[in-house]
Amino acid sequence: MKKISTLLLLAALSTGSFSLQATYSGVGTFNKIASASEITTGSYVFMANDQAMSNDFNKRFTAVALTYADGTKTSITDPDASIVFDIVADNGTLTITNGDRIVAYKGDGTEFTFNTSHAQDATLEQWTAADGTKGIIVKNVNTNTRYIMLRESSGTFGVYASSNENNSDYFTLTLFKKADNGISPELAFDNGKDRYKTFAEGYTFSSTASSKSASPIAYSSSNTAVATIDNSGTVTLKGVGETEIKAEVAANDTYEGAAVSYKLTVVNPSAELPYVTSFKNGLGDWLNYCVTGTLPWESHENYGAQINGYNKGSSETWLVSPTVSNETVYLAFSAYTKYTGSEGTGLFLLYSTNFDPNAMDSPAEATWTEITDQANWPAEGSGETVASGTITLSGLTAPVRVAFKYTCGEEASQWSLTDLILSNQTPGSVDETTLSGLKVISGRGEITLLTDQETEIAVYALTGAQVLRTTVAAGSTPIALPAGIYLVNGVKVIVF
């Protein structure tokens with residue numbers, strides 16, 4: 001189980017539509033309700049055995065540890081928005097949402113669906129509530145024998161069979177409802193999406209919020225070494241990194257207090273060639289844009305940059321490189337995929353010479369040239385890894401960015417990217433380097449040393465850290481190294 005911290009904004013569904021409303025601002029008291037008859041439209045925390053149901057979803061919802069407001073376990077103060085679900089009660093039927101996603105039963109087994117679109121069978125996303133022997137029973141209208149319960153041994157909330165109600169490994173629900181403490185000020189940033197900027201000394205942009213409350217809006221940045229924000233909502237970049245930009249209003253006699261925030265990521269604007277990354281230790285200076293949906297690219301320590309839209313709703317997400325400058329640029333990478341997405345969706349490769357993240361909110365505002373067909377790709381759903389081959393971009397007249405655009409619908413493929421190289425030389429011209437009788441051959445995951453006599457070598461990372469010092473015998477000696485750029489006896493070599 002994971003421990004949660006305070007998050008600042010939940011946008012919820014209104015009845016019958018997907019309009020975003022600040023029903024829970026991140027500030028508020030949730031009180032335990034005594035019975036199912038007290039469930040009315042509002043915001044709730046779903047508890048079982050002192051654990052809360054979170055929106056961390058993979059077929060079932062993850063249980064997270066939670067601290068109560070007092071020892072009586074009757075109230076929760078300022079819970080993380082990831083555990084706050086909205087209920088719309090209509091003539092005894094409940095619709096449960098979190099943000100713009102609907103909590104529904106998949107129709108068989110113990111799994112939910114959690115999509116932005118309605119189910120074809122409306123009963124799958126309808127629930128009723130009744131009092132049980134150990135808590136409140138929330139059951140699905142489609143089957144009536146499937147209850148939302150916590151299975152302690154798996155740490156997940158699932159749609160488990162009603163026969164498990166009295167099993168010691170299963171727990172029915174306790175619900176906590178948000179108390180009404182005035183009117184929501186409807187505090188919101190004019191653009192509340194996470195933002196990406198490239199660092200430029202003294203660069204500023206406007207990031208204002210609006211509110212119905214008469215209380216003044218207070219702005220703050222969690223990391224002033226990355227960016228500051230003044231009382232007018234002007235953000236000034238200070239360095240590379242991440243910060244949370246927050247707006248707050250205090251409660252008054254009419255309106256509740258509220259706080260909203262977004263993540264600002266500031267990256268280096270450009271990269272020197274040759275540029276190599278495996279994406280296994282983070283996404284580095286690549287920009288990560290959720291143009292539609294909320295699904296980001298993520299770094300995986302074994303697979304590199306990874307994205308999977310299964311059960312995440314429709315999404316369009318871009319992974320955009322820093323700029324590189326050269327009249328001709330060579331690109332190579334490896335790609336892995338499994339599962340099959342909806343027709344017309346998947347992974348696409350593009351480049352642009354006019355995308356400016358400091359002047360544009362989205363890569364969709366720039367001009368892009370698609371070059372997907374210039375690369376080798378694994379067959380969608382194959383579960384295979386394929387090297388792209390060398391892609392040549394020539395006749396460039398401005399700094400260039402390459403991008404991987406991922407799209408998914410109701411069905412989604414999974415993709416991973418690793419061993420990416422951007423170079424100003426063809427692979428044939430950077431593969432071999434001769435050092436006073438020592439030949440170094442670059443390769444995938446290794447270098448090979450060829451020499452006709454015993455030779456001492458020293459390998460350094462570009463940071464200056466010594467990676468290896470050894471003596472190699474005459475002949476051929478392979479040395480395994482992670483992907484990157486190294487200095488071997490003072491000469492730069494690339495490991496793919």
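Here, buried means under 20% relative accessible area, exposed over 50%, and partly exposed in between (1.4 Å probe, protein chains only).

**View 1. The whole chain in this predicted model.** Welcome to the overview. Along the principal axes, the C-alpha atoms fill a box of roughly 85 × 55 × 45 Å. The chain has 496 residues, and 49% of them count as buried.

**View 2. β9 beside β5.** Strand β5 (residues 42–48) pairs with β9 in the antiparallel sense over four bridges; two strands pair if DSSP finds at least two bridges between them. Look for Gly42, which stands opposite Ile87 of β9.

**View 3. The β9–β10 hairpin.** Five bridges join β9 to strand β10 (residues 93–98), again an antiparallel pairing. Val88 has Thr95 in β10 as its bridge partner. Two residues lie between the strands of this hairpin, and in the turn Asn91 has a positive phi of about 55°.

**Notes for all views.** Residues are numbered from 1 along each chain as its sequence is written, and side-chain values use heavy atoms, leaving out hydrogens and water. As the model is predicted, local features need pLDDT of at least 70 and side-chain atom pairs count only at pLDDT 80 or more, while totals for chains, interfaces and linings use all residues.
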